[in-house]
Amino acid sequence: MRKTLTSGSVEALKAPERGRQIDIWDSRMPGFGLRLSYGGVKTWQVMYRQHGIKRRLVLGRYPNLGLADARLEAKRKLGQIAGGGDPATDKMAAKTEPTFADLAALYLERHAALHNKPGTIAEVTRMLRVDVLPAWGHRKVSSIGRKDVIALLDGIVARGAPISANRVKALVTTMFGFALDRELIDAHPAYRIRRPAPEHSRDRVLLDDEIRQFWQVLENKPLRVGAGFKLALLTAA
């Protein structure tokens, strides 16, 4: 069915009989129309051919997407198609592209479980749960860029945890490298980003009471183990 779609005519459309759906095509814009389904659902759509294959692209539902906005979106999509694009295929590919949460699950299963100790896996899982997944879990992996990585690390530093920011930076750098190796992304967003905070090693001398306690513990250890630690303690080795 083809007719000039207006706000009034779209609003007045009635639901078809059970088991039926009706496509109403706009006489003003070829390829743009509305699908009216049983139950009264009205869905804006664009129909086109690409390489001889007929494709249908859903734009949104009425009344959430009004007629004027639907026409503008249809015009934009039809322009992409005229330039050789295939928005329906692009939309399908975007749905199947992994999110960062998907990458995290794959990383824990295929990398961490094979190369890390249980304690390291527990810490990685904690960092993902606390710092990374709340920010990126729902995001497509390819949508995360350098600015996102920097913003994440800056946020951790701002809450007073600069060393945690360093650990998260190391983790996401490894994870994006893992994703790059598996061709889940084309570029590494954390490449050459510096650690957010400097780290300094600290030397500490045992107190007299701590030395006595340590010596007492060594008395209950096997002779060779106890003797070795006592020698190291006495010689400050």
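In the predicted model, Asp 26 has a relative accessibility of 0% and is therefore classed as buried. The side chain of Asp 26 forms a salt bridge with Arg 71, in which the closest N and O atoms lie 3.0 Å apart. This pair connects distant parts of the chain: Asp 26 belongs to strand 2 (residues 21–26), Arg 71 belongs to helix 2 (residues 67–82), and 45 residues separate them. Arg 71 also counts as buried, its relative accessibility being 13%, which is a consequence of the cut-off, because buried means under 20% relative accessible area.

The Asp 26 pair is one of 8 salt bridges that the structure holds. Another is formed by Arg 126 and Glu 123, with a distance of 2.9 Å between the closest N and O atoms. These two residues are 3 residues apart in helix 5 (residues 118–136), so about one helical turn lies between them. Arg 126 is partly exposed at 31% relative accessibility, and Glu 123 is likewise partly exposed, with a relative accessible area of 34%. Salt bridges with shared partners also occur, joining Glu 73, Arg 76 and Lys 77 into one network.

A further salt bridge involves the side chains of Glu 109 and Arg 110, with an N to O distance of 3.4 Å. For Arg 110 the relative accessible area is 39%, and the residue is accordingly partly exposed.

When neighbours within four places in sequence are set aside, the contacts of Gln 21 are with Pro 16, Arg 35, Leu 36 and Ser 37. Between the C-alpha atoms of Gln 21 and Thr 120 the separation is 56 Å, and these residues are 99 residues apart along the chain.

Key:
Residues are numbered from 1 along each chain as its sequence is written. This is a predicted model: local features need pLDDT of at least 70, side-chain atom pairs count only at pLDDT 80 or more; totals for chains, interfaces and linings use all residues. Side-chain values use heavy atoms; hydrogens and water are left out. A salt bridge is a side-chain nitrogen of Lys or Arg within 4 Å of a carboxyl oxygen of Asp or Glu. Helices (H or I, at least four residues) and strands (E, at least two) are DSSP runs, numbered from the N terminus. Buried means under 20% relative accessible area, exposed over 50%, partly exposed in between (1.4 Å probe, protein chains only). Contact means heavy atoms within 4.5 Å.
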